[in-house]
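The entries below follow the order in which I went through them.

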Amino acid sequence: MAIQMEAWGEYALFTRPEMKVERVSYDVMTPSAARGILEAVYWHPGLRWHIDRIHVLRPIRFVGIRRNELKSVVSASNARAVMAGGKRPLYIDRSADIQQRSAMVLKDVRYVIDAHFTLTNRASAADNAGKFQDIIRRRLESGQCYHTPYFGCREFPVNFKRFTGGKPKTAYSGEVRDLGYMLYDMDYSDPQNITPTFFRAKLVNGVLDLRHCEVVR
């Protein structure tokens, strides 16, 4: 079942994984980020979201900012040791671990996300596509979400609504832009070996069409 959602915000950061120290955003929202926004509005084990197109309504603009980040993460080995009865630190001292890093982020972004969902084997006998679509439409129209969706980082919140304006008017009509390889999603089929997948992104008339893209690892 098809859904159109308009999402916009002041800043966005869809981090390129090849940038190891300073964060640099992709030119356009990634499919996994779009899926995350939709799941923030409505998630259910009985459905799976699929992103079809991302329409870019505002010109792509970058701006450099500085952000405070923690340089460490909680150690998994420490967590396992504590679960086994050991004594290890399970916290990060923010005052000692914080550091300032620069980031190249997108400014003044606005998209229309075309998506559809399919039912999974976890759907119950009472679940059906029409029921889910009615729920999603009501939540989009009333601005409901399970948690505030964000554009890549939690400090960049997303404003959203159901899109009902017909064909979206993009910022790049009549242009073709090759954006290179972009993160598509994470493959969780093997929980012991979660791997990223990529695709060759091309913005045609301001639209990133994902329906027939070739996904590679």
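I began with charges over rings, where a charge sits over a ring if NZ of Lys or CZ of Arg is within 6 Å of the ring centre and within 35 degrees of the ring normal. By that criterion the charged end of R139 sits over the ring of Y146, 4.3 Å from its centre, and the charged end of R110 sits over the ring of W8, 4.3 Å from its centre.

I noted the ground rules before going on: this is a predicted model, in which local features need pLDDT of at least 70 and side-chain atom pairs count only at pLDDT 80 or more, while totals for chains, interfaces and linings use all residues. Residues are numbered from 1 along each chain as its sequence is written, and side-chain values use heavy atoms, with hydrogens and water left out.

I then looked up the aromatic pairs, for which rings of Phe, Tyr and Trp (its six-membered ring) must have centres within 6.5 Å, planes under 30 degrees apart counting as stacked, over 60 as edge-to-face and the rest as tilted. I found 8 aromatic pairs in the structure. One of them is F117 with F132, edge-to-face at 6.2 Å centre to centre and 80° between the planes. This pair links distant parts of the chain, with F117 in strand β5 (residues 98–119) and F132 in helix α4 (residues 129–142), 15 residues apart; helices (H or I, at least four residues) and strands (E, at least two) are DSSP runs, numbered from the N terminus. Both F117 and F132 are buried, where buried means under 20% relative accessible area, exposed over 50% and partly exposed in between (1.4 Å probe, protein chains only). I also recorded that Y42, W49, F117, F132 and Y146 form one aromatic cluster.

Which charged side chains pair up in salt bridges? I counted 15 salt bridges in the structure, each a side-chain nitrogen of Lys or Arg within 4 Å of a carboxyl oxygen of Asp or Glu. Among them is the one between R58 and D108, whose closest N and O atoms are 2.6 Å apart. Because R58 lies in the loop between β3 (47–56) and β4 (62–70) and D108 in strand β5, the pair ties together parts that are 50 residues apart in sequence. R58 is partly exposed at 28% relative accessible area, and D108 is partly exposed at 31%.

My last entry returns to R110, which is linked with E6 and K161 in a network of salt bridges.
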